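Good morning. Please have the sequence and the model open, and stop me if you lose your place.

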Amino acid sequence: MKIIISGYGRMGHEIEKIARGRGHVIVATPDKKEDWKKIKLSPESCDVVIDFSTPDSAEIVVNHCLNSGVAVVTGTTGWSDRLEKSKVLCYKTSGALFHAPNFSIGVNIFFEINRKLAQMISGHNYKARLNEIHHIHKLDAPSGTAIALANDIIASNKTYSKWISGNAINKETLPVFSERTGEAPGTHLIEWSSDTDSIEIKHTAHSRTGFAIGAVLAAEWISGKSGVFGMSDLLNSTS
Ligand SMILES: NC(=O)c1ccc[n+]([C@@H]2O[C@H](COP(=O)([O-])OP(=O)(O)OC[C@H]3O[C@@H](n4cnc5c(N)ncnc54)[C@H](O)[C@@H]3O)[C@@H](O)[C@H]2O)c1
């Protein structure tokens with residue numbers, strides 16, 4: 001496939017390695033707004049754009065791809081408030097958009113465990129807290145993964161109706177704590193505690209490779225499809 005990597009930073013470089021290793025051709029690696037002016041984006045020049053850029057640029061990049069008839073995979077986090085508009089544009093243009101706040105297979109298994117635990121513990125006397133730790137360069141907090149985990153807890157558990165960044169303000173509010181330190185690729189910890197015991201589940205990424213593999217698999221999978229997709233579509237699919 002002919003791939004454009006949008007955002008040639010930490011993730012962009014990792015994706016390039018994985019994509020080349022799987023025999024794909026990288027036709028461009030735009031890394032700022034001006035770079036896009038030199039690219040004639042069309043289905044002939046590119047099969048799929050993989051975007052891991054910034055919260056401010058992702059919406060523009062994704063909409064540009066959809067308006068140009070090119071499938072787009074985006075892992076950029078911190079712009080979920082604008083994502084819905086891009087999904088509408090995707091349906092309007094009969095385009096293809098794949099979005100995941102986390103492309104790692106391990107984290108997507110962790111999502112399932114989190115939902116199941118939140119559901120099983122519902123109605124028992126446990127309080128939850130969520131901690132996420134990432135490298136100091138990360139622009140958004142809480143992480144997109146932490147937000148997805150928190151929303152899943154709210155959907156699966158009777159106690160919680162909203163989440164908050166920091167200390168809880170009442171018992172219906174799930175506290176989410178963010179820590180930025182060193183070069184940590186990403187850790188998510190959920191703790192449920194009662195007076196008698198506690199249960200913890202934790203996922204730690206050892207490197208960015210798992211995210212990059214997931215993003216390239218998504219790019220291969222989305223080719224020739226139209227619609228809005230996420231990791232559950234990829235993982236539950238046989239095609
Ligand atoms: N979904 C996942 O699995 C996953 C995993 C890791 C990181 N992320 C997210 O991916 C994004 C990138 O992470 P990173 O660690 O590579 O960041 P990074 O800062 O290393 O790279 C981002 C790059 O985007 C470039 N950029 C800015 N404007 C652009 C534009 N208009 N077009 C193209 N590129 C542009 C920047 O110059 C920068 O080099 C972040 O939002 C991060 O949270 C998601």
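Predicted model: local features only at pLDDT ≥ 70, side-chain atom pairs only at ≥ 80, totals over all residues.

The protein chain has 8 helices and 11 strands. Along its principal axes, the C-alpha trace spans about 60 × 40 × 30 Å. Is that in line with a compact globule, or out of line with one? For 239 residues, a compact globule would have a radius of gyration near 18 Å, and this chain has 19 Å, which agrees. Of those 239 residues, 37% count as buried. Now take the contacts between residues at least 6 apart in sequence: 66% of them join residues at least 24 apart.

Next, helix α1, which covers residues 10-21. Its 12 residues reach 17 Å from first C-alpha to last, close to the 16 Å expected at 1.5 Å a residue. Which residues of α1 are buried? They are Met-11, Gly-12, Glu-14, Ile-15 and Ala-19. Looking down the axis of α1, you find these buried residues within an arc of 160°, so they line one face of the helix.

Gly-214 sits in helix α7, residues 209-222. Gly-214 has 25 C-beta neighbours inside 10 Å, and the cut-off for buried is 20 or more, so Gly-214 counts as buried. If we set aside neighbours within four places in sequence, Gly-214 is in contact with Phe-103, Ser-104 and Ile-105. Ile-154, by comparison, is 60 residues from Gly-214 in sequence, and their C-alpha atoms are 26 Å apart in space.

What does β9 pair with? One partner is β6, residues 127-134, which runs antiparallel to β9 and is joined to it by 7 bridges. Within that pairing, Glu-132 has His-188 as its bridge partner. Another partner is β10, residues 198-204, again antiparallel and over 7 bridges. β9 and β10 form a hairpin, with 4 residues between the two strands. Ser-193 stands opposite Ser-198 of β10.

Last, the backbone details. Most residues other than glycine have a negative phi, and most peptide bonds are trans. Where does this chain depart from that? Ser-94 is not a glycine, yet its phi is positive, about 50°. Ser-94 lies in the loop between α4 (80-92) and β5 (96-99). Is Ser-94 buried or exposed? It has 10 C-beta neighbours inside 10 Å, so Ser-94 counts as exposed. The other case is a peptide bond: from Ala-141 to Pro-142 it is cis, with omega near -5°. Pro-142 is in the loop between β6 and α6 (144-156).

That is my part. Questions, please.

Key: Residues numbered from 1 in each chain as written. Rg over C-alpha atoms; globule rule 2.2 N^0.38 Å. Buried ≥ 20, exposed ≤ 12 C-beta atoms within 10 Å, placed from the backbone. Contact = placed C-beta atoms within 7 Å. Pairing = 2+ DSSP bridges. Expected span 1.5 Å × (residues − 1). Arc of directions from axis to C-beta.
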